Amino acid sequence: MGDLYKEHIDITNEVKESIQKIKIVFPAEYNRIYTEKARSHNVELKPNQVLSSEMLDEKMVRHLITLSKCTDEAIHAIETEDKEILKAVLKQTQALQEEIHELQKIVYEDGLTKSYNRKWFEDTLCDVDHISIRDSGTLVMVDLNKFKHINDTYGHVVGDKVLIHIAFKLKESGGRVVRYGGDEFLLIFDAKVSPKDIRTKMEAILEYCNHIHFKVEQNEFKINFAYGMAPFTNGTNIDTIIQAADQAMYKNKTTTD
């Protein structure tokens, strides 16, 4: 118990250091950073120690109330041609917009890799029914090879660093990168980017991975991935797109975890 208490003190100090330069720290953001630090210490947090989604919902409700109030005041100012009220509303709305952007980042960003998370994919690219997609382009599914072996052999801290590095390289493709789950990523490309160009980008990243070595003390290992592409158009069923990309990926997968 004493060792665990000391671990939480160390984690708390690391979190304090991490948030020193952050202008606005919402509770969920603090929770995310604390969870990451705890994972690096191999400390598993209990469910009651993790921030619940209700706190985020409460924050959103407060923002909606403020936005509604600003709208009412703006309408009144326009009707009465009161420039002073308009200036005050503009200032308040701009501050609210900044907070909303920070809140969106918390809700839609994967805490580890800083890529988009699955909720962003569902809320941004999918219809309200979360069944069909409301855009056109190409979806690429990426799955890391032998990632479980890396985690089991070198530990989750090393595994996390691998995920962070791979996500960074995937972002260089210019596509929107989504951490879909575990060691799976999705890349979303607009329709203006041709499948040929996408394949060229993916092969360049794969070539890079085939030549880079990760070092852990005296040991070295390489990491690569398999990928599959699937074009989509507005209204296409999401499961159909994911399944098509998944099947294409496993055709290219020459090794397994």
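## Basis of the model

This is a predicted model, in which local features need pLDDT of at least 70 and side-chain atom pairs count only at pLDDT 80 or more, while totals for chains, interfaces and linings use all residues. Residues are numbered from 1 along each chain as its sequence is written, and side-chain values use heavy atoms, with hydrogens and water left out.

Strands (DSSP runs of E, at least two residues, numbered from the N terminus) pair if DSSP finds at least two bridges between them. Strand E1 (residues 137-144) runs antiparallel to E3 and is joined to it by seven bridges, whereas strand E2 (residues 176-181) pairs with E3 in the antiparallel sense over five bridges, with Arg176 opposite Ile188.

E2 and E3 form a hairpin with two residues between them, and Gly182 in the turn has a positive phi of about 60°. Strand E3 (residues 184-190) is largely enclosed by the rest of the structure, because five of its seven residues are buried (under 20% relative accessible area, with a 1.4 Å probe and protein chains only).

## Helices H7 and H8

Helices are DSSP runs of H or I with at least four residues. Helix H7 (residues 156-171) packs against helix H8 (residues 195-211) at an angle of about 145°, with their axes 10 Å apart; axes are lines fitted to C-alpha atoms over the stretch in contact, and angles run from 0 to 180 degrees between N-to-C directions.

The contact (heavy atoms within 4.5 Å) is made by His165, Ile166, Lys169 and Leu170 of H7 together with Met202, Ile205, Tyr208 and Cys209 of H8.

Terms used. Buried means under 20% relative accessible area, exposed over 50%, partly exposed in between (1.4 Å probe, protein chains only).
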